[in-house]
Amino acid sequence: KELVVSFGSVIAGKQLNFEFWSTGLFYSSIYAIIFSFLCLSYSFYFSRKHAKWFPALAIVSVISPFYYSVFYYAVNIPVSDDYELIVDFANNYSVADMSGKANLIFGQYYECKFIFLRLIIAAQDFIFAKIDLRLLIYFSAFLLFAIAFMFYKCSRIKNIAVLLIIFILIFQWQYHGAVFWVIGGFPKFCVILFSMVSIYLIQKNTGKKFGWSALFALLALFSFANGVLCFAFNLCILLLQKRKKESILWILFSAAVLSFYFLYNYNHPGHLSLSISGLWKMVEYSLVFLGGCTQFTYREFLPYLTGSLVWLILFYASYKKYFLKNPVIYFILLFIVGSSLLAALFRAEGNYATTQPLQTTYGIYSVSAICCCFIFLMEEFNSAKRIVTVFLGVAVTYNLLCGIFFFPENKYRKEYLSDCIYPWLLNEKETAPYGCVWNSDPLLKQSEKYRQIINKAKELRTFSPEI
C-alpha cells in the first residue's frame, strides 16, 4: 500500500495522505477479491451445476461489505439539517396537541414537505420513546437494496450479468454522504423507490395495481418534492395505453392530492428567473447533477460529460420509442432527468449551478440514471454479446475507484463526529482533542440554535447522542 500511495503522490505532484488512501485501497482490495472469486466460481463451478444458487451468492458477496460498513460507521449524532428536521421536530411533536402534531407533520421545510420521514420519526418516538438516527440510517441502507431489486425487476433482460452490474453500481460509496446523513439520503432514496414502484404498477393495467400505484405515488410526494413528477408520468403511461377512464380518475386523484399539498400550509419558495442566463444555469446544473456520480475529485469535467451522455441517451431512447417497449425504465429515467431540472429551478442560484449538484448526497440520482441508460442499451443492443463484458468491466472498475476515493470518508466522518461533535453535544468541549473547531464547522452551521435544540431534547428525553 505504501508503494502505491507513494506512486500516486508522484502522479498527483503532491504528498498524499497515507492513512486515507491506504484505507481506500484496503477496502477496494476486498472487493477485488470478491469479484475475482465470483468470476472464478462461476467459470469453474456454477456455470455447469447449481447455477440457480449463483445469483444469491453474488448478491450476498457484493452487499455484505457495504452493509457491514453501514452498521460499523453509523453513529447517533445529527448532521446539519438533522437538528431541525429530526431532533427539533421530535421535541415539538412530543409536547404538541393533535392539531399541532398535524401541522408539524405537514409543515414545509424550504420547498419540501418531509411528511413520510416525519411519520417514521413519530412512529419511532411512539415505539421507543426517543429518536435513534442509526435506525433511520439502517432503513435508508435497506432502501438501496430495494432500489437495486426494482431495477432488475423492471429490466426485460433477466440474466446474471444484468443483476451483477446493477448491484455493483448501486452498492458503492460515491454517495457516502447520503448513506450516513439522514436528511441527505433518506428522502431521496424513498422518492426514487416509491416512484419506481408506482410507475411499475401503473403500467400493469389492472384495477388493484392502479390503487397501489396511487398509494406509492402519494408516498413519493410525501417523501420529497420531486415526487410530484410521478403523478405526471403515470398519467402519460395511462394515456399511452389509452386507458381513458383510469386517466380521468388519475387526473381527479392528482388534483386532490396536489391541491392539498400546495394549498395546505405551503409557501411558494423563490426560484430561478426563467431568463436566458437562468435557463443556462439550469442546463449546467442538470448536466452536473446527472453525471455527479463520476466526480472523484469534486471537479465538474467528468460529470459534464456523463450528464451530457445521459441526455443524449434519453433523446435516443425517445427517438426509438422506448416508452412503448419498456415504459418503466424510460419514465424512471425521465423522472430523474426531470428531477435534475426541478432541483436546478430552486437550487441553481448564485454560484451553485455546478458546485451544489456535485455534493455526494445527490449521487443516487446520477447512479440511477446510469442504471436506466445501461438497461436501455442492453435491451436495445442485446445481440451484441461483447457489450455485456464491457459494461461489467466498467461497473467493476467504477466500484473499485469509489472504494479508493470515497470509502475513507466514512472512517474520518465517524472519528470527527465522535471526537469533536459528540463532546460539543455533551457540553464537554474541553475533552475534545486539539484541532476541533466548532464555530466554522459546516456540520454546525447554526451552532447556537443547534445547542438549544439538543438541550431541549435532553430535557424532554426525545434524543440522546451516542457513538
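This report describes side-chain contacts in a predicted model.

## Basis of the analysis

The model is predicted, so local features need pLDDT of at least 70 and side-chain atom pairs count only at pLDDT 80 or more, while totals for chains, interfaces and linings use all residues. Residues are numbered from 1 along each chain as its sequence is written, and side-chain values use heavy atoms, with hydrogens and water left out.

## Salt bridges

A salt bridge is defined here as a side-chain nitrogen of Lys or Arg within 4 Å of a carboxyl oxygen of Asp or Glu. By this rule the structure has eight salt bridges. One of them joins Lys449 to Glu84, with an N to O distance of 2.7 Å. This pair links distant parts of the chain, 365 residues apart: Lys449 belongs to helix α21 (residues 447-460) and Glu84 to helix α4 (residues 82-95). Helices (H or I, at least four residues) and strands (E, at least two) are DSSP runs, numbered from the N terminus. Accessibility is classed as buried under 20% relative accessible area, exposed over 50%, and partly exposed in between (1.4 Å probe, protein chains only). On that scale Lys449 is partly exposed at 36%, whereas Glu84 is buried at 17%.

A further salt bridge is formed by Lys130 and Glu466, at 3.7 Å from N to O. Lys130 lies in the loop between α6 (115-128) and α7 (133-154) and Glu466 in the segment after α21, so the pair ties together parts that are 336 residues apart in sequence. Lys130 is partly exposed, at 35% relative accessibility, and Glu466 is also partly exposed, at 29%. Asp132 and Arg134 make a salt bridge in which the closest N and O atoms are 3.0 Å apart. Asp132 is buried, with a relative accessible area of 16%, and Arg134 is buried, likewise at 16%. Lys130, Asp132, Arg134 and Glu466 are linked in a network of salt bridges.

## Aromatic pairs

Rings of Phe, Tyr and Trp (its six-membered ring) pair if their centres lie within 6.5 Å; planes under 30 degrees apart count as stacked, over 60 as edge-to-face and the rest as tilted. The structure contains 47 aromatic pairs. Among them is the tilted pair of Phe231 and Trp250, with 5.9 Å between centres and 40 degrees between planes. Phe231 lies in helix α12 (residues 228-240) and Trp250 in helix α13 (residues 244-263), so the contact ties together parts 19 residues apart in sequence. Both Phe231 and Trp250 are buried.

Phe289 and Tyr362 form another tilted pair, at 5.4 Å centre to centre and 55 degrees between the planes. Phe289 is in helix α14 (residues 276-291) and Tyr362 in the loop between α18 (352-355) and α19 (363-380), so this pair ties together parts that are 73 residues apart in sequence. Phe289 and Tyr362 are both buried.

## Charges over rings

A charge sits over a ring if NZ of Lys or CZ of Arg is within 6 Å of the ring centre and within 35 degrees of the ring normal. Lys101 lies over the face of Tyr93, 4.0 Å from the ring centre. Lys158 lies over the face of Tyr152, 5.8 Å from the ring centre.

## Cysteines

A search of the whole structure finds zero disulfides, a disulfide being a pair of cysteine sulfur atoms within 2.5 Å. For Cys293, the nearest cysteine sulfur is that of Cys402, 7.4 Å away. Cys293 is buried at 0% relative accessibility, and Cys112 is buried at 3%.
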